[in-house]
Amino acid sequence: MKILVTGGLGFIGSHTVVELQNEGFEVIVVDDLSNTSLNVLDGIQNITGKVPAFEKLDLRDKDKVQDFFKRHHDISGVIHFAASKAVGESVGNPLLYYENNINTLVYLLQELQQKPEASFIFSSSCTVYGQAEKMPITEDASIQTAMSPYGNTKQIGEEIITDTAKVTNINAILLRYFNPIGSHPSAEIGELPIGVPQNLVPFITQTGMGLRNELSVYGDDYPTLDGTCIRDYIHVVDLAKAHVIALQRLLNKKNTAKVETFNLGTGTGSSVLEVIYAFEKVSGKKLPYKIVARREGDVVEAYANTDKANNVLGWKAQSTLEEAMASAWKWEQKIRK
Ligand code: WQD
């Protein structure tokens with residue numbers, strides 16, 4: 001079975017390629033290398049002993065996407081990661097996000113709808129829920145008006161897939177990630193640090209390495225136990241394994257609807273301060289931080305109800321917050337050697 005992984009040299013994509021190879025799938029990766037590097041291929045090979053086929057491809061170029069599928073007509077499934085994903089950047093540059101996250105999805109689906117059947121796994125996000133009323137968040141929680149163009153592209157993407165699957169032979173699974181963190185235990189692949197990290201965990205590990213003076217904690221006056229926001233931090237390897245299980249569900253025709261949706265989280269919420277303490281525990285370092293003003297657009301809390309993923313998809317996150325933080329720290333130390 002040949003599986004296309006778009007954005008397969010990215011953070012979650014590369015970890016998913018490893019798990020696909022571990023399950024014996026033949027993988028072809030396309031990536032435009034805008035937010036990663038070819039060295040990730042070496043990291044994957046160092047883990048699995050196999051180099052996935054790779055083509056540099058900008059999915060915004062419709063002709064090139066058509067040409068790719070002409071040359072690779074034996075693709076059974078697609079896991080689609082390729083997208084821009086910086087919430088803040090999307091506010092200042094919405095058209096970059098609508099072109100890169102929406103046009104590319106349309107061009108991919110236009111190719112897949114020509115096949116006798118196609119399995120499509122979509123990288124979505126808990127951001128579609130906005131500030132959900134009830135915790136933990138279930139898949140039928142209402143979709144709120146997007147807080148950013150990035151979040152909107154995930155909502156629109158889900159709608160495009162749903163409308164298309166209804167009238168084509170495409171079967172799809174939408175995976176709504178909570179907060180992916182950590183790195184492969186081998187420290188051969190991880191979250192590549194390009195620019196100043198917007199996300200909490202890479203900023204913590206870079207501060208731990210002395211690359212940043214101190215962490216700014218965006219507000220401690222929220223209505224939570226310690227006043228800081230709560231999120232569901234899930235180890236990226238657990239997340240990657242869920243993609244393989246979801247793909248196998250479709251390939252084995254176990255899906256009970258043309259489009260299924262699953263929340264991918266641990267089911268446990270952790271505050272910013274708890275993440276800091278977890279880092280201090282696994283690294284043995286005191287993390288310098290200061291409390292600053294709230295960040296625009298942050299929700300107070302978001303953590304997953306994992307019943308559907310556990311009982312229907314048959315997947316459950318295995319790693320604890322501390323294990324995930326330890327892997328993130330190991331990766332940070334490795335790349336700074
Ligand atoms: C987590 C918590 C911050 C940085 C976003 C996207 C989501 C997904 C993951 C793409 C929040 C606090 C952060 C810092 C801080 N991205 N924080 N100081 O915002 O939950 O989710 O990234 O798929 O779609 O929305 O993640 O890591 O940015 O923030 O205090 O320097 O850490 O306020 O409470 P977020 P995050």
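By class, the residues lining the largest cavity of this predicted model comprise four nonpolar, four polar and one charged. In this scheme Ala, Val, Leu, Ile, Met, Phe, Trp, Tyr, Cys and Pro are nonpolar, Asp, Glu, Lys and Arg are charged, and the others, Gly among them, are polar. The lining consists of His-80, Phe-81, Ala-82, Ala-83, Asn-101, Phe-122, Ser-123, Thr-153 and Lys-154. At least two lining residues come from each of β5 (118-125) and α6 (149-166); helices (H or I, at least four residues) and strands (E, at least two) are DSSP runs, numbered from the N terminus.

How can such a space be found? Rolling a probe the size of a water molecule over the atoms shows where empty space is left. Here, a cavity is a set of points on a 1 Å grid over the protein atoms alone where a 1.4 Å probe fits but cannot get out, and lining residues have an atom within 4 Å of a point. Grid points are joined across faces, edges and corners, and the volume is the space filled by probe spheres set on the points. The count is one cavity of 30 Å³ or more, and the largest cavity holds about 50 Å³.

Thr-6 sits in strand β1 (residues 2-6). Is Thr-6 buried or exposed? Thr-6 counts as buried because its relative accessibility is 0%, where buried means under 20% relative accessible area, exposed over 50% and partly exposed in between (1.4 Å probe, protein chains only). The side chains of Thr-6 and His-80 make a polar contact at 2.6 Å, that is, a pair of N or O atoms within 3.5 Å, one able to donate a hydrogen and the other to accept it, with residues adjacent in sequence counting only if both atoms are side-chain atoms.

Across the whole structure, 18 salt bridges are found, each a side-chain nitrogen of Lys or Arg within 4 Å of a carboxyl oxygen of Asp or Glu. Arg-71 pairs with Glu-55 at 2.9 Å, linking helix α3 (residues 62-71) to strand β3 (residues 53-56). Another salt bridge joins Lys-286 and Glu-280 (3.1 Å, N to O); Lys-286 is exposed at 69%, whereas Glu-280 is buried at 14%.

Residues are numbered from 1 along each chain as its sequence is written. Local features need pLDDT of at least 70, side-chain atom pairs count only at pLDDT 80 or more, totals for chains, interfaces and linings use all residues, and side-chain values use heavy atoms, leaving out hydrogens and water.

Terms used. On a 1 Å grid over the protein atoms alone, a cavity is a set of points where a 1.4 Å probe fits but cannot get out, and a pocket is an open set with protein on both sides within 12 Å along at least five of seven lines; lining residues have an atom within 4 Å of a point.
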